[in-house]
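Subject: Structure handover

Hi,

Here is the structure for you to look over. My notes on it follow below.

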Amino acid sequence: MKRLYTYLLFLSTAVLLTNCEDFVDVDPLFSINSENFFNSQEDYELATIASYDLLQTTYLNSMLGEMASDNTLAGGENANDVPAFQEIDDMTHTPVNDQLRSIWNWMYAGINRTNYVFEFKDKTDFDGKDAVLAQNYFLRAYYYFELVKFFGDVPMPLDKRVQFGEASDFAKSNKTDVYAQIEADLSLAIANLPATPAQAGRATRGAAQALLGKVYLFQEKYSQAATVLEQVIASGQYDLVTAANYEAQFLESGENGIESVFEVQYTGEQGAGFGCFQCSEGNIAPGFNGIRGYSGPVYADGFSFNVPTQELVDEFEAGDIRLAVAILDIDAFVAQNPGTEYSQGFEHTGYFNQKYIPRQGEQFVGDTHLTSNKNYRAIRFADVLLMAAEALNRGGIDDARARTYLNRVRSRAQLADVASSGAALTDAIYHERRVELAGEGHHFFDLVRTGRAANEISGFQAGKHEVFPIPLIEIQLAGNVWSQNTGY
């Protein structure tokens with residue numbers, strides 16, 4: 001499925017809350033509607049590919065999940081380079097932030113595409129239809145979960161497209177209700193998805209179970225989380241890669257491996273430009289994370305955003321093999337490779353997110369900063385083990401089993417086992433999540449859901465910054481029927 005995501009023009013206008021100023025009267029080259037579509041299995045499959053397509057925009061979600069935390073600084077060329085990044089990093093963001101608006105629009109675009117399938121789900125029958133619908137249930141849950149994480153209470157259209165001008169028909173739903181819908185969608189997905197994908201990148205039963213476990217964990221439903229996450233562990237479908245292959249799992253050679261529970265697919269075969277980030281079939285994050293003004297071996301040039309902090313580097317224990325995989329110490333690399341040159345960007349720390357920076361030999365077309373073929377490992381088995389450990393520990397269920405899962409991850413990192421229980425074990429799990437998942441976009445949300453953000457993130461205001469503001473223009477386009485999030 002590396003090259004499966006196809007940007008289908010006939011669905012590209014089915015985006016909730018798009019810019020009204022961008023609309024002009026044009027004669028369409030062709031028209032696809034309910035009269036001449038959804039008449040065959042192929043039609044449903046094509047529409048489902050379109051539902052997957054918006055996953056590629058979640059490069060931004062993962063970058064902001066790091067920048068908003070204490071793991072990284074915004075970086076860039078100077079203090080005015082992508083102001084929206086700088087504001088989120090400094091916790092000074094407002095309802096006028098184009099990056100947050102992109103997340104809002106892109107996640108709803110994905111939801112609208114799944115709802116297009118559900119709107120006509122009963123039109124044509126064929127063998128395997130339940131599995132096709134199940135993929136859309138998984139994807140709708142995935143997109144709504146991203147929206148809840150970022151914005152809290154959100155409008156929740158279901159089972160029909162939202163056309164331009166109809167946004168005001170949908171009131172904001174309480175996040176409790178949104179979570180309930182996510183759980184329902186994932187339950188339907190679990191019941192009808194295969195254990196192994198017919199094509200790399202397709203949703204599976206294990207991916208839906210892992211996502212459901214995470215959704216439960218975010219709601220502190222520890223017993224339910226432990227149950228479903230341990231089903232993933234016991235399935236035998238996934239395992240940790242060996243210590244020797246730890247770095248390789250973040251390279252092209254390690255894509256869709258045994259540790260990957262769900263992976264967003266990218267290809268560098270199709271070029272893109274700054275005028276339409278969502279049009280890119282490549283991963284934009286590596287270019288943005290890359291080394292500014294770079295000339296030398298191994299790596300490729302980038303924009304030096306999302307630079308790791310010294311605090312994150314110091315979090316790694318002595319002897320932890322993951323440090324050298326997660327963090328590139330550029331000055332140490334230059335010292336080992338004479339003649340290598342680079343430019344120091346804004347907020348230069350000397351470190352780069354090595355999991356997601358461009359490397360030589362990767363395929364790029366068009367602007368090399370926007371079309372990396374590096375996949376994003378959205379859910380790894382290590383994450384599943386650590387979520388299960390947390391659920392068992394924080395739920396007061398079984399610290400012994402929690403330690404078993406935690407120590408599987410630590411053993412792979414060539415670290416000693418943890419023997420603690422209770423609150424000390426909780427802290428050990430938090431530490432392990434931070435270093436194991438460094439650079440992968442989870443840390444801000446981990447800090448928020450566990451109530452630690454105000455103590456860890458400079459400028460974070462409790463009661464406000466747990467969620468981001470709904471983009472002001474989207475509230476206005478919806479006729480001001482939605483209230484703004486508290487504090488904004």
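**Pockets and cavities**

The second largest pocket has a volume of about 320 Å³. A pocket here is an open set of points on a 1 Å grid over the protein atoms alone, with protein on both sides within 12 Å along at least five of seven lines. A cavity is a set of points where a 1.4 Å probe fits but cannot get out, and lining residues have an atom within 4 Å of a point. Points are joined across faces, edges and corners, and a volume is the space filled by probe spheres set on them.

Note that this is a predicted model: local features need pLDDT of at least 70, side-chain atom pairs count only at pLDDT 80 or more, and totals for chains, interfaces and linings use all residues. Residues are numbered from 1 along each chain as its sequence is written, and side-chain values use heavy atoms, with hydrogens and water left out.

Helices (H or I, at least four residues) and strands (E, at least two) are DSSP runs, numbered from the N terminus. The lining splits into seven nonpolar, two polar and six charged residues. Ala, Val, Leu, Ile, Met, Phe, Trp, Tyr, Cys and Pro count as nonpolar; Asp, Glu, Lys and Arg as charged; the others, Gly among them, as polar.

How many cavities of 30 Å³ or more does a search of the whole structure find? Five. The largest cavity holds about 190 Å³ of space. It is lined by 17 residues, with Tyr142, Glu146, Lys149, Tyr376 and His442 nearest its centre. H3, H6, helix H8 (205–218) and strand E10 (376–380) each supply at least two of the lining residues. H6 gives the most, with five. By class, the lining has eight nonpolar, five polar and four charged residues.

The second largest cavity holds about 80 Å³. Ser62, Ala285, Asn289, Tyr356 and Gly439 are the closest to its centre, out of 13 lining residues. H3 gives the most to this lining, with four residues. Its classes are five nonpolar, six polar and two charged.

**Helices H3 and H4**

The axes of helix H3 (residues 59–67) and helix H4 (residues 83–90) come within 9 Å and cross at roughly 40°. Axes are lines fitted to C-alpha atoms, for helices over the stretch in contact, and angles run from 0 to 180 degrees between N-to-C directions. H3 and H4 are therefore oblique to each other; that class is what remains after roughly parallel (under 35 degrees), roughly antiparallel (over 145) and roughly perpendicular (65 to 115). Leu60, Met63, Leu64 and Met67 in H3 meet Phe85, Ile88 and Asp89 in H4, where contact means heavy atoms within 4.5 Å. This contact has six nonpolar, no polar and one charged residues.

**Overall**

The chain has 19 helices and ten strands. Its C-alpha atoms fill a box of roughly 65 × 50 × 45 Å along the principal axes.

Best wishes
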